[in-house]
Amino acid sequence: MNETYRTILGLRAIREFQDRPLEEEDLDRVLEAARWTGSAKNLQNWAVIIVRDRDQIERVAACGNGTGPLLAAPVTLVLVQEPGAYELDTGRMSQNIMLAADSLGMATCPITLHQDGDAAGVLGLPPGWRCRYAVALGYPAPTARPKNFGGRKPIEEITHQNSFGQ
C-alpha cells in the first residue's frame, strides 16, 4: 500500500487544535492544493475566504450547527461557490484541503453552514454566490483524537451492480 492510499484511508476530522497561529508557509501550501482541485469543465468557479479574526469566526460559526471546531481552530477556510457552481466541486476542494493539511501535520474538520443565506450576509458575498461549507484548520492538540470513529460499513452494504439493490 503506498503512502497516498494510506493517507486517504487514515484521514479523520479533528476537532481539537493547538492555541497557536498557522505558519504562513503551511497555509500557502494548503491553499495551493485547493487551487489545483479539479472542477467541472475546469471552471474553477469558487473562492476561499480565509478567516482569522475571532469575532468573524464566531459570526460564521453562528451560521451552522455543530460548529465548535471553527471556534477551536486558529483559521477557518470558507468555501464559496459562484452562481451555477457544482457542490461536488466544493466537496472535492474540501477533500484536497484536508489531505494537504494532513500531509503537512495539520488537522482539519469540515463544517456545514446550514444557514447559508446568513453566511452569505456575514461574508459580504455578491448576489447569487453561496457559502455552504467551511473547514476548520490548525495544528492538532496533543490530546486530539477523532470523535466517535466507528469504522466503516462493509463494502457489500454500500455497493450495487448495474442498478440499486443488485
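Predicted model: local features only at pLDDT ≥ 70, side-chain atom pairs only at ≥ 80, totals over all residues.
1. Residues are numbered from 1 along each chain as its sequence is written, and side-chain values use heavy atoms, with hydrogens and water left out.

2. Strand β4 has neighbours in β2, to which it is joined by seven bridges in an antiparallel arrangement, and in β3, to which six bridges join it, again antiparallel. Two strands are said to pair if DSSP finds at least two bridges between them. Seven of the nine residues of β4 are buried, where buried means under 20% relative accessible area, exposed over 50%, and partly exposed in between (1.4 Å probe, protein chains only).

3. Cys-131 counts as buried because its relative accessibility is 0%. Leaving aside residues up to four places away in sequence, Cys-131 touches Val-78, Leu-79, Val-80, Leu-113, Asp-116, Ala-119, Leu-123 and Leu-125, a contact being heavy atoms within 4.5 Å.

4. The largest nonpolar core has 24 residues, and those touching the most other members are Leu-70, Val-78, Leu-113 and Cys-131. At least two residues of this core come from each of α3 (54-61), β2 (75-81), β3 (107-112), α6 (116-123) and β4 (130-138). Another core, of 17 residues, lies apart from it and includes Trp-46, Met-98, Met-106 and Leu-137. Such a core is a set of buried Ala, Val, Leu, Ile, Met, Phe, Trp, Tyr and Cys residues joined through side-chain atoms within 4.5 Å.

5. A search of the whole structure finds zero disulfides, a disulfide being a pair of cysteine sulfur atoms within 2.5 Å. Cys-63 is in no disulfide, since the nearest cysteine sulfur, that of Cys-131, is 7.8 Å away. Cys-63 also counts as buried, because its relative accessibility is 3%.

6. Thr-108 lies in strand β3 and stands opposite Leu-137 in β4. Thr-108 counts as buried because its relative accessibility is 3%. Not counting residues up to four places away in sequence, Thr-108 touches Arg-12, Ala-13, Ile-14, Phe-17, Ile-97, Met-98, Ala-101, Val-135, Ala-136 and Leu-137.

Conventions
Helix = DSSP H or I, 4+ residues; strand = E, 2+ residues; numbered from the N terminus.
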